[in-house]
Amino acid sequence: MAEEKKMIKVTIDNISVEVEAGTSILNAARQIGGEVAPPAMCYYSKLKGSGGKCRTCLVEVAAGSSADPRPMPKLVASCRTNVMDGMIVKNITSDKVIDARKGVVEFLLINHPLDCPICDQAGECHLQDLGYEHGAAGTRYEFPRRIFEKEDIGPYIQLHMTRCILCYRCTYVADQLTDHRVHGILDRGDHSEISTYISKAIDNDFSGNMIDVCPVGALTDRTFRFKNRVWFLKPVDAHRDCPKCSGKVTMWNRGDEVYRVTARKDQWGEVKDWICNTCRFDKKETSDWIIEGPTKVSRHSVISQGHYVGITIPEEVMPKVMDGRNPKMLMDIHNVSGVNRPGIHLSTLPGPAHSDDFESATKLLD
Ligand code: SF4
Ligand code: FES
């Protein structure tokens with residue numbers, strides 16, 4: 001007979017939930033969902049050993065358990081603390097937690113540049129979201145920031161160490177998914193940095209997943225860098241028969257052009273199924289894929305702007321109001337911009353797109 005799982009009761013932000021013994025506070029809060037779930041910058045449920053590095057998931061334990069209801073003296077990392085029967089936890093209902101999280105964000109931003117306007121991760125960056133939700137308007141840091149040169153750490157991945165928050169997720173991916181880990185965190189303390197011992201060494205078959213797990217823009221897809229903003233692209237779920245991985249991906253298109261291929265992510269921003277480098281980097285034609293339909297994007301995400309799934313378009317009343325005439329458009333962007341020319345495939349340009357790439361198209365407009 002299968003052993004019955006022991007269930008225990010925990011209350012988080014005044015909401016009670018029953019979870020299996022051995023569940024972390026963070027995962028119990030995720031079962032409740034919404035804002036009650038603390039943010040996590042280093043914990044990743046699919047990576048063994050992750051968590052405990054960033055402290056964004058701090059919570060207050062107001063009562064340790066029904067057997068010992070004393071509060072815990074300090075805030076605890078919810079990704080690394082397991083629930084006890086009768087535990088009472090405060091996350092968004094605790095002023096101490098909100099204040100501490102603000103401090104953690106300030107700390108994470110000590111070296112991280114505020115280059116969101118030119119960063120490829122903008123729109124899907126967990127630190128950007130955290131900064132908006134908990135960030136302070138200024139910083140008290142007065143010392144020079146750490147700055148690193150960008151480095152191609154393989155044919156497909158660029159490392160921008162200045163943006164790294166040392167969450168260790170990419171090293172766990174390399175350890176647990178790829179054949180041989182060839183990168184890691186070198187040195188200690190303020191000198192710690194992600195690097196490879198042999199330059200340009202990362203080409204393992206599942207190494208592209210490091211890009212997906214990186215919560216910031218420190219690891220970016222070289223085939224997609226500076227090609228487009230994510231909120232201009234249309235994410236669709238697609239699959240192919242792949243001998244190496246599940247072949248289930250999100251394809252990011254603009255028109256018929258496939259700009260990038262990523263793994264599908266769940267509501268916590270975590271990869272659902274790891275994908276291989278062939279699916280991610282080599283299959284950039286729509287015809288390589290069987291399209292399932294638009295990806296469901298949270299309506300709180302900037303990526304959801306313009307991608308409405310399952311809605312009813314309200315009746316257009318302006319022509320009626322104007323006696324059957326359509327409102328006059330003052331300017332049609334397609335007539336005045338060199339970008340969006342059907343003959344220019346931005347995703348196939350070898351590097352970032354420059355005005356030169358559109359010169360011939362711009363001349364056509366003159
Ligand atoms: S490169 Fe990204 S995933 Fe790797 S440790 Fe830095 S922030 Fe984390
Ligand atoms: S998510 Fe818990 S310490 Fe980073």
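Mentor: Buried residues make up 45% of the chain, which has 366 residues; buried means under 20% relative accessible area, exposed over 50%, and partly exposed in between, with a 1.4 Å probe and protein chains only. This is a predicted model, in which local features need pLDDT of at least 70 and side-chain atom pairs count only at pLDDT 80 or more, while totals for chains, interfaces and linings use all residues. Residues are numbered from 1 along each chain as its sequence is written, chains are lettered from A and ligands numbered from 1 in the order in which they are written, and side-chain values use heavy atoms, with hydrogens and water left out. Along the principal axes, the C-alpha atoms fill a box of roughly 80 × 65 × 60 Å. The chain has nine helices and 14 strands; these are DSSP runs numbered from the N terminus, H or I of at least four residues for helices and E of at least two for strands.

Let us turn to the spaces. Rolling a probe the size of a water molecule over the atoms shows where empty space is left. The search uses a 1 Å grid over the protein atoms alone: a cavity is a set of points where a 1.4 Å probe fits but cannot get out, a pocket is an open set with protein on both sides within 12 Å along at least five of seven lines, and lining residues have an atom within 4 Å of a point. Grid points are joined across faces, edges and corners, and a volume is the space filled by probe spheres set on the points.

Over the whole structure, four cavities of 30 Å³ or more are found. The largest cavity has a volume of about 100 Å³. It is lined by 14 residues, and those closest to its centre are Cys164, Cys167, Cys170, Cys214 and Pro215. Its lining divides into 13 nonpolar, no polar and one charged residues; here Ala, Val, Leu, Ile, Met, Phe, Trp, Tyr, Cys and Pro count as nonpolar, Asp, Glu, Lys and Arg as charged, and the others, Gly among them, as polar.

The largest cavity is also where ligand 1 sits, in the sense that more than half of its atoms lie within 2 Å of the grid points. Around ligand 1 are Cys164, Ile165, Leu166, Cys167, Tyr168, Cys170, Ile194, Cys214, Pro215, Val216, Ala218 and Leu219, each with a heavy atom within 4 Å of it. This shell holds twelve nonpolar residues, no polar and no charged ones.

The second largest cavity has a volume of about 50 Å³. Its lining consists of His112, Pro113, Asp115, Cys116, Cys119, Gln121, Ala122, Cys125, Gln128 and Gly217, which divide into five nonpolar, four polar and one charged.

Among the open spaces, the second largest pocket has a volume of about 500 Å³. Of the 19 residues that line this pocket, Phe107, Leu108, Asn111, Ile165 and Leu166 lie nearest its centre. Helix α2 (residues 95-108) gives the largest share of the lining, three residues. The classes are eleven nonpolar, four polar and four charged.

The strands complete the setting. Strands of a sheet pair through backbone hydrogen bonds, either parallel or antiparallel. Two strands are taken as paired if DSSP finds at least two bridges between them. One open sheet of five strands has the order β2-β1-β5-β3-β4 and mixed pairing. Its edge strands, β2 (15-20) and β4 (76-77), each pair on one side only. Strand β1 (residues 7-12) runs antiparallel to β2 and is joined to it by six bridges, with Ile12 opposite Ile15. Gly86 lies in the loop between β4 and β5 (87-90) and, at 27% relative accessibility, counts as partly exposed. The C-alpha atoms of Gly86 and Ser16 are 9.4 Å apart, although 70 residues separate them along the chain.

Further along, strand β11 (residues 234-239) is antiparallel to β12, with six bridges between them; His239 has Lys248 as its bridge partner. Strand β12 (residues 248-254) has five of its seven residues buried. Six bridges also join β12 to β13 (residues 257-263) in the antiparallel sense, and Arg254 stands opposite Glu257, while Asn253 is partnered by Val258. In the hairpin of these two strands, with two residues between them, Gly255 takes a positive phi near 60 degrees. In β13, seven of seven residues are buried.
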